[in-house]
Amino acid sequence: MTQNKDEVAAWFDVVDTLGGANFGAEVFPGYPGAVVAQGHLQQMIWGFPLALKGKNGQPLKPRPVNNTRTDKLGSFFWRYSFEERRCLIPVTAWAEAEGPKGSKTRTWLSRPDAGLFAIAGIWRETQEWGLAYSMVMTDACDAAQCHTRMPVLLAEEDHATWTDGAPAEALALCRPWAGDLLLDRTDQPWSG
């Protein structure tokens, strides 16, 4: 994210309720990020907590499930959030891992027509972390050649349909991006 929170709130025409909350240039699964939900720019944890148990049945630390596949939106884990709590994730770019295992690097993708844009997300209240969100993923378009999946990018005119439309209308937006993308292949190690 290269925009400050005031610019993001103004661009989405929402109330900034981040206050002094973290609004980092990069967000990693399990850490706070900024989302637009219910008319507010607010902080949530990236990833729905997945409760795990050890081999002896002991509870383990929850793992953040940060991405939601479009074809799984109807499953029990995601369905109610998709039907009732959709949000916008403001970004200026996102990163994908590219290269051989053990030496993957970051490839940054962005829209050349928009310095700031929205990715489709869903959110919910969790016992473990409070408010949490997940990014909705679909098949990659030809321009996103570094990965088989990509986030659902939303055109500005589709923001209200995603957040407030019927589930069937929102699901129709879950398709590969039809516009151009910029790829910036770097030598930055992938650490995720």
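A salt bridge is a side-chain nitrogen of Lys or Arg within 4 Å of a carboxyl oxygen of Asp or Glu. Keep that cut-off in mind while you look at this predicted model. Asp139 lies in strand β11, which covers residues 130-139. Arg149 lies in strand β12, residues 149-151. The pair therefore ties together parts that are 10 residues apart in sequence.

How open are these two residues? Asp139 is partly exposed, with a relative accessible area of 44%. Arg149 is also partly exposed, at 22% relative accessibility. Buried means under 20%, so Arg149 at 22% does not count as buried.

Now turn to a sheet. Three strands form it, in the order β8-β9-β14. The sheet is open, and the pairing is antiparallel. Find β8 at residues 94-98 and β14 at residues 182-189. These two strands stand at the edges. Each has a single partner strand, so one side of each is left without a neighbour in the sheet. From one strand to the next, the twist averages 30 degrees.

Next, follow strand β9, residues 105-110. Strand β9 pairs with β14 in the antiparallel sense, over five bridges. Within this part of the sheet, Thr107 stands opposite Arg185 in β14.

Arg185 has another link to trace. Its side chain meets that of Glu98 in a salt bridge, 2.9 Å from N to O. Glu98 lies in strand β8 and Arg185 in strand β14, so this pair ties together parts that are 87 residues apart in sequence.

The partners differ in accessibility class. Glu26 is partly exposed, with a relative accessible area of 37%. Arg106, at 11% relative accessibility, counts as buried. The reason is the cut-off: 11% is under 20%.

How many salt bridges does a search of the whole structure find? The search finds seven.

Notes. Residues numbered from 1 in each chain as written. Predicted model: local features only at pLDDT ≥ 70, side-chain atom pairs only at ≥ 80, totals over all residues. Heavy atoms only, no water. Pairing = 2+ DSSP bridges. Helix = DSSP H or I, 4+ residues; strand = E, 2+ residues; numbered from the N terminus. Axes fitted to C-alpha atoms, helices over the stretch in contact; angles between N-to-C directions. Buried < 20%, exposed > 50% of the residue type's maximum accessible area, 1.4 Å probe, protein only.
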